[in-house]
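Me: I am new to this structure. Please show it, and then I will ask about its parts.

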Amino acid sequence: PQPNPQAGAAVKAADRAHVFHSWSAQELIDPPAVAGAEGSYFWDYDGRRYLDFTSGLVFTNIGYQHPKVVAAIQEQAAKMTTFAPAFAVEARSEAARLIAERTPGDLDKIFFTNGGADAIEHAVRMARLHTGRPKVLSAYRSYHGGTQQAINLTGDPRRWASDGAAAGVVHFWAPFLYRSRFYAETEEQETARALEHLETTIAFEGPGTVAAIVLETVPGTAGIMLPPPGYLAGVRELCDRHGIVFVLDEVMAGFGRTGEWFAADLFGVVPDLMTFAKGVNSGYVPLGGVAISGRIAETFARRPYPGGLTYSGHPLACAAAVATIGVMAEEGVVENAKRLGADVVGPALAALAERHPSVGEVRGTGMFWALDLVRSRETREPLVPYNAAGEANAPMAAFTAAAKQHGLWPFVNMNRTHVVPPCNVSEAELKEGFEALDAALSVADEYTV
Ligand code: PLP
């Protein structure tokens, strides 16, 4: 990349003057100006290049600027850039077919949205109408999106400012052995006690009032906690017993991230509704959706579904999905995530954990990994407190700065760094990233006790 600091300064100036950024105090942020991106890398206007271990916001599952997907978007733009949702359109039909062929079980009807949060909004609406019940249960340590219902379902501090804006949300604790809420010492105990807790929550809320249980199949931003064996099957059974709709949120975990097309495939569970977005077209054009089971589709077979969007199944976004799914199949992207996850990422992160006392736990699968950073391995006290800001967050800020100095753009959330590169990342790129991570973890080690 050719440096062009002047152009970068203009981009930055207009941003600072007019762009209102997500989740931020506008005067306290300094958005880096990005000049370009390709594959697993992006670069700034000063010619600094970064290896992107974040896949954007965990969405560029095939990396940036894949030529086949770029070409498909260009072709679709030339052919039919847009069309209203009430028509059958080639790109939309084909995207729905390719997605439905890959979703588990009988999730064969696809309702398209613009992204993940609105997919959650519609999944919850479908569940409420299907059951005629008001409440929705979701987990602490979760993220479901920024719109009213989705942010209320979310189990992280981003919810707090919007609490109460959507009725009928009840939070419960999902399993997480390393920081167990159930005093469990084994996965078997964690599964059994988390299920008992959920069952009791349902009993005390009133089973006849609960429309849906919404869970990320593998919680993403909240820390990549793979549910222990038997947990999701147990939730499925509770839902069946009480006529509750089981919604799995695969917005982050879906489309190859876990080394399977969908994370539900890791556990052999089939939800009633499944939300997706991000990886469906690598985020090249905004797209999300809900995959709908036969039983729920039946509810709306002769009764209108009261919901829609101007851009539901936008042809450009759907053409990007068709091309992305094609690339993933042709290039073995899901298999790559699975193989390199098991053979390269897992062992490399375990080796880093051996060397660095700040690493409390390594967990994950495919291209979906978290390092839980701690002040002390013995007490498991997080390297920074929950929701730390300013000085209290200094250790994670120092870790992040060190990674960037070494050319790695890290995903950081609270006391964790996530290793979530594109699913088609190469072994050489991974090794380059782990060298930078090694250096940055040495900085984190300085804050251990
Ligand atoms: N659900 C999960 C699991 C997510 O990770 C996200 C975004 O990070 C969302 C929903 C919201 O998606 P969007 O930002 O496209 O609305």
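**Strands and helices**

Reply: In S9, Met274 is the bridge partner of Leu248. This is a predicted model, in which local features need pLDDT of at least 70, side-chain atom pairs count only at pLDDT 80 or more, and totals for chains, interfaces and linings use all residues. Residues are numbered from 1 along each chain as its sequence is written.

Me: How many bridges join strand S8 to strand S9?

Reply: Strands (E, at least two residues) and helices (H or I, at least four) are DSSP runs numbered from the N terminus. Two strands pair if DSSP finds at least two bridges between them. S8 (residues 245-249) and S9 (residues 273-276) run parallel, and the bridges joining them number three.

Me: Which are the edge strands of the open sheet?

Reply: Seven strands form the sheet with mixed pairing, in the order S4-S10-S9-S8-S7-S5-S6. An edge strand pairs on one side only, which holds for S4 (109-113) and S6 (169-172).

Me: At what angle do the axes of helix H3 and helix H11 cross?

Reply: Axes are lines fitted to C-alpha atoms, for helices over the stretch in contact, and angles run from 0 to 180 degrees between N-to-C directions. The axes of H3 (residues 67-80) and H11 (residues 315-330) come within 8 Å and cross at roughly 150°.

Me: Which residues in H3 meet H11?

Reply: Two residues are in contact if their C-beta atoms, placed from the backbone, lie within 7 Å. On the H11 side, the residues include Pro315, Leu316 and Val327. Those in H3 are Lys68, Val69, Ala72, Ile73, Gln76, Ala77 and Met80.
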